[in-house]
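The following note sets out several points on the structure shown below.

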Amino acid sequence: MTGGSVGIVVPAYQPDISQLQQYIKAINKNISPNTIIIEIDSPEKDTERQLSDIPARVETVPYRRGKGAAVTEGFEKLETDTFAFADADGATPTDSLADVIKPVQMSSADLSVGSRRHPRSDIDADQTIVRQFLGSGFTWLAKTILPIKLFDYQCGAKAISANCWDKVREHLYESGFAWDIELIAIAGALDSQIEEVPIKWKDRPGSTVDPVWDSINLFKSLITARHRAKQLSGDRLHKVIAGYSREQTPIIDSKNESS
């Protein structure tokens, strides 16, 4: 790819090694990023050895940080102009990941959001009625609550400029799946240019997302993300509310605090 250096982070929790190997090799061949970092939570005993022959830097922790914490730690290690991440299951093919990266690399967006629900997206999914209902319901709610109106907030493929990351990083607190929502809300509150990109996407079995409990947690996090975005935008009411709230630790500081 042209237009500036690119670093890609792949967060993984006890991944399918063969699937991950194939995906990383495809990313390297078809996108040729300057850096690929795999951030693995709770790896199996031989994981690092099995991944020793792929063109990526492998980082592991012996516990489950959550997707948001893993991507954040990976981004903090990058020294490229553009940062991107893609889920380890390879649900976003490399040509679509390249499409997501392009707007940031070409400076037409500060944050680029892959979208499975965009009218021009090409989706191969076999989800239960419950998962479809909860996904559609959450998207509708997020559109209603957040000032940033998108078709999809949770797709596992996004890219952000290094400059934009420097602005948002200290305002991110969500360590799990809700990190995506918070990233979008905070970037919007800081007047970043956000572009939604339709993608090809193939549903993968073995998801670690609990459709009910994670939806409840996402709803709570959505309210919190809205509050933090409003606070950053200068809303007086939300500044007052923040003054009475218990202070939390941003992800970038939580690792140092626990060490």
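1. In this predicted model, R116 is placed over the face of W201, with 5.2 Å to the ring centre. A further arrangement of this kind involves R64, whose charged end sits over the ring of Y13 at 3.9 Å from its centre.

2. The sheet is open and is formed by 7 strands in the order 3-2-1-4-7-5-8, with mixed pairing. Strand 3 (57–61) and strand 8 (194–198) each have a single partner strand, so they stand at the edges and one side of each is left without a neighbour in the sheet. From one strand to the next, the twist averages 20 degrees.

3. Within this sheet, strand 1 (residues 6–13) and strand 2 (residues 35–41) run parallel and are joined by 7 bridges. V10 stands opposite I38 of strand 2. Helix 4 (residues 94–105) packs on the sheet, where it touches strand 1, strand 4 (82–86), strand 5 (111–115), strand 7 (157–161) and strand 8. The direction of helix 4 makes about 15 degrees with that of strand 7.

4. The aromatic pairs number 5. For F75 and F83, the ring centres are 5.4 Å apart and the planes stand at 50 degrees, so this pair is tilted. Both partners lie under the 20% limit for burial: F75 counts as buried because its relative accessibility is 2%, and F83 counts as buried because its value is 4%.

5. F85 and W179 form an edge-to-face pair, with 5.7 Å centre to centre and 75 degrees between the planes. Because F85 lies in strand 4 and W179 in helix 7, the pair ties together parts that are 94 residues apart in sequence. Both F85 and W179 are buried. One aromatic cluster is formed by F75, F83, F85, W165 and W179.

6. Which residues of helix 3 (residues 67–77) are buried? They are K67, G68, A69, A70, V71, T72, E73, G74 and F75.

7. E182 is placed in helix 7 (residues 179–189). Is E182 buried or exposed? Its relative accessibility is 1%, and therefore E182 counts as buried. Apart from neighbours within four places in sequence, the residues in contact with E182 are H171, L172, Y173, E174, A225 and R228.

Terms used:
Residues numbered from 1 in each chain as written. Predicted model: local features only at pLDDT ≥ 70, side-chain atom pairs only at ≥ 80, totals over all residues. Heavy atoms only, no water. Helix = DSSP H or I, 4+ residues; strand = E, 2+ residues; numbered from the N terminus. Buried < 20%, exposed > 50% of the residue type's maximum accessible area, 1.4 Å probe, protein only. Contact = heavy atoms within 4.5 Å. Pairing = 2+ DSSP bridges. Axes fitted to C-alpha atoms, helices over the stretch in contact; angles between N-to-C directions. Phe/Tyr/Trp six-rings, centres within 6.5 Å; stacked < 30°, edge-to-face > 60°. Lys NZ or Arg CZ within 6 Å of the ring centre and 35° of its normal.
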